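Look at the sequence and the structure below.

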Amino acid sequence: MEGGRKLFGSVRMPGAKNSVLPIMAAAVLCTGTVTITDAPVLSDVRACIRILNRIGCTVMLCGTNIRITPPEHPGSSIPPELMRSMRSSLFFLAPLLARTGQAEIGMPGGCRLGARPIDMHLEGLARMGAEITEKQEGGWMLKAPHGLKGAHITLRFPSVGATETLLMAACTAYGTTVLHGAAREPEVTDLAQFLQSAGAQISGVGTSELCIEGTEFLFGTQFAVCPDRITAATVMFAVAGCGGEVLLTNIRHADLHCCAQLLERAGCSIAPLGKSAAVIASSGRLRAPGSWQTGVYPAFPTDAAPLAAAALLRAQGESAVLDSIFENRFACAEGFCRMGAQASVCSRTLRLRGVPELCGAHVTAPDLRGGAALVLAALQAQGTSVITGTEHIDRGYENIAVLFSQLGGAVTAAEKQREGFEMAQ
């Protein structure tokens, strides 16, 4: 990467990573073919396809459309190597349990952001009648030979993953399930609307209390994935830090409200255009917006915290962001410092003091969003930067080099690295 260029142009947002993965898993609940449109082509999506194939599903990937045809009798276990391929492998737990009466899984993989327990998933399923055994070699065996039963479940924290797991489990359970304290993220709403399109009886969608009347089966359907709000935030914070003017299309303004507020406090201009587009403009010389923190929706999203930090590395003044979700969200701070930033982490808080200039450096992506944040820092830096470990970034962005090249950034993906990624698929 050769930094120091402003960004101009327009870009359409793809479908959301955090929406398509649980929807792909939920397709296993259906008795007919599911067609998912506007799906992003990511390494995590391909990992999800490998799991679907392993349990007997027929999957066709054509551009941004995914067609999934579940078998009459799906498999009930996922090998450890496929479970470790991504955190979202956990989403297969409820569909396999509901369809086959049992599910055998290992510990899911994903970014090392700190403790990410699955106890709320398991506790909720146990309330619905699942018998859970922890395996000596790691992982769990769950059984519900007579089916799952509806229950009233109160989540002690509005976990997105637990909400989605229990939502899927409840759709074909016997009786009524009520989830109190459910997560309200747009991706949870998207999953609920997908399930509704397949015949699920769900009320309270978009609120913290979901009521699900179990049905005997779900049927095939076609569903368009919602836009990726974190990819949109990535572009917005890149323009903020580098300067320039970019039109974003296929966005939802409500999903980006907190990010837009922060950027306006920092001196950016954001002009909505209709219901699904906006123009962001920045001089590239921001002012520090002070302190803020992440939280569950509709608060500032944890995934966007490193991206916002990258945009503010050259801002005038001091900033601080506390991440209330993960204890290791800011592993990218080391890379920021290698580029000449003044950044420090204390517990869950990242503190920044703006510097006049960043310099190119060799850095390693520590995780998905931290890796993207290093790309944003390198776009601003004077000179050449090389980022390794980009397999993390490929999990959430179709091709981040192309994304920013089309806006005027000097970004290329090393051929050897890109070929390795293609072969891995």
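Thr231 is found in helix H8, residues 229–242; helices (H or I, at least four residues) and strands (E, at least two) are DSSP runs, numbered from the N terminus. This is a predicted model, in which local features need pLDDT of at least 70 and side-chain atom pairs count only at pLDDT 80 or more, while totals for chains, interfaces and linings use all residues. Residues are numbered from 1 along each chain as its sequence is written, and side-chain values use heavy atoms, with hydrogens and water left out.

**Thr231**
- Thr231 counts as buried because its relative accessibility is 4% (buried means under 20% relative accessible area, exposed over 50%, partly exposed in between, with a 1.4 Å probe and protein chains only).
- Leaving aside residues up to four places away in sequence, Thr231 touches Met13, Pro14, Gly396 and Tyr397 (contact means heavy atoms within 4.5 Å).

**The four-stranded sheet**
- Four strands form an open sheet with mixed pairing, in the order E3-E4-E2-E12 (two strands pair if DSSP finds at least two bridges between them).
- Strand E3 (58–62) and strand E12 (221–224) are the edge strands, and each pairs on one side only.
- On average, neighbouring strands of this sheet are turned by 15° against each other, direction ignored (axes are lines fitted to C-alpha atoms, for helices over the stretch in contact, and angles run from 0 to 180 degrees between N-to-C directions).

- Five bridges pair E3 with strand E4 (residues 65–69) in the antiparallel sense.
- Opposite Ile66 in E4 stands Leu61, and opposite Asn65 in E4 stands Cys62.
- The hairpin of E3 and E4 has two residues between the strands, and Gly63 takes a positive phi near 65° there.
- E2 and E4 run antiparallel and are joined by three bridges, with Val34 opposite Ile68 in E4.
- Ile66 and Ile68 make up the covered face of E4, whereas Asn65, Arg67 and Thr69 make up the uncovered one.

**Helices H1 and H2**
- Helix H1 (residues 17–26) and H2 pack at an angle of about 0°, with their axes 10 Å apart.
- H1 is therefore roughly parallel to H2 (angles under 35 degrees count as roughly parallel, over 145 as roughly antiparallel, 65 to 115 as roughly perpendicular and the rest as oblique).
- In this contact, Lys17, Val20, Leu21 and Met24 of H1 meet Asp44, Val45, Cys48, Ile49 and Leu52 of H2.
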